[in-house]
Amino acid sequence: MSYFCMMIKKAVWVFFSMMLLFSCNKTYEKAMKSKEPEFILNAADELYDSEKWPYAIELYQKVSSAYAGTQQAEHINYRSAYANFYDKNYVLSARQFKNFYTANLRSEKAEEALFMSAYSYYMGSPKYNLDQTNTYEAIRELQGFIDAYPTSNRVKDANKYINELQQKLERKAFEIAQSYHKTLKFQAASVSFANFLDDFPDSKLREEAFMYMLRARAELGLQSVFSKKENRLKDALTTYRLFTQTYPNSKFSKEANDLHQKIEKELQTHATLVAQLKEEKK
């Protein structure tokens, strides 16, 4: 295809796009000025079908009160929720789908609406290193859908989304605990990795988290003040034994054994000092 033909096609595409945009704007402006509910609703549906989501959303909002309590209300609320979803207003669409479900329990669209409410939260779940409020909400809503419709063909997808979200929470919890260790906050690291092991028993990061917990507790004991040293070293020793029992062939075995030797040596040194202090007191 020649460069000239390509430019012609591009110009034609731009022209029709501008004409479509002009037409949509004109439809929207007329509907916003109109006081006739039927005209406004038809315009909203036309813009929805043209995938002009922001325009459709505003018109559905404008006309919704005029159709409250009528059969058209279900249509308006349903399409408004989807328009917000497609426009990536996920928190708003989640609420609208949930409201639709609550108000239309007998509707043939009720199951779909409850699923879409949960799915909206799933789509609104941010990257793992950001606030995970929507992630927790999505997990609750997806599980709620599974409980409400256990035989639905959407359950498979719901379980898949829950697993994805759980992995995101795992990664966030792991990296928070890891950051404590990197900044030498061994007490916080020890607690955080212990919580991680409790909260995510099936995590693929479990072995590494266990090793981090051993490192943190070993360092906490080795660097501890005299009065807390014995208990902390014994705590690290217990963690080492649990680690080796749980992962006898771990890739971290050499490092764990090296830490074990340091812990035992420090315990012996500490015991000698304690004995000397007792003798001096006598």
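Which residues of α5 are buried? In α5, the buried ones are Tyr90, Ser93, Ala94, Phe97, Phe100 and Tyr101, where buried means under 20% relative accessible area, exposed over 50% and partly exposed in between, using a 1.4 Å probe and protein chains only. This is a predicted model, in which local features need pLDDT of at least 70, side-chain atom pairs count only at pLDDT 80 or more, and totals for chains, interfaces and linings use all residues. Residues are numbered from 1 along each chain as its sequence is written, and side-chain values use heavy atoms, leaving out hydrogens and water.

**Helix α5**

- The buried residues of α5 fall within an arc of 130 degrees when you look down its axis, so they line one face of the helix; the arc is that of the directions from the helix axis to the C-beta atoms.
- As background, an α-helix has 3.6 residues a turn, so residues three or four places apart point the same way.
- The expected span is 1.5 Å times one less than the number of residues.
- The cover over the buried residues of α5 includes α4 (71-86) and α6.

**Helix α10**

- Helix α10 (residues 206-222) has 17 residues and reaches 24 Å from its first C-alpha to its last, close to the 24 Å expected.
- Of the 17 residues in α10, 12 are buried, including Phe210, Met211 and Arg215.
- Among the elements covering those buried residues are α8 (155-182), α9 (186-199), α11 (226-246) and α12 (253-281).

**The nonpolar core**

- The largest nonpolar core has 76 residues, and Leu59 and Phe193 touch the most other members. Such a core is a set of buried Ala, Val, Leu, Ile, Met, Phe, Trp, Tyr and Cys residues joined through side-chain atoms within 4.5 Å.
- Leaving aside neighbours within four places in sequence, the contacts (heavy atoms within 4.5 Å) of leucine 59 include Tyr28, Ala31 and Met32.

**Aromatic pairs**

- The structure holds 26 aromatic pairs. Rings of Phe, Tyr and Trp (its six-membered ring) pair if their centres lie within 6.5 Å; planes under 30 degrees apart count as stacked, over 60 as edge-to-face and the rest as tilted.
- Tyrosine 28 and tyrosine 55 have ring centres 4.6 Å apart and planes at 25 degrees, so this pair is stacked. It links helix α1 (residues 3-33) to helix α3 (residues 53-64), with the two tyrosines 27 residues apart.
- Tyrosine 28 is buried at 14% relative accessible area, whereas tyrosine 55 is partly exposed at 22%.
- Phenylalanine 210 and tyrosine 247 form an edge-to-face pair, because their planes are at 85 degrees and their centres 6.2 Å apart. Phenylalanine 210 is in α10, while tyrosine 247 is in the loop between α11 and α12.

**Two loop residues**

- Serine 250 sits in the loop between α11 and α12 and counts as buried at 9% relative accessibility.
- Proline 126, in the loop between α6 (110-123) and α7 (133-148), counts as partly exposed at 22% relative accessibility.

Methods: Helix = DSSP H or I, 4+ residues; strand = E, 2+ residues; numbered from the N terminus.
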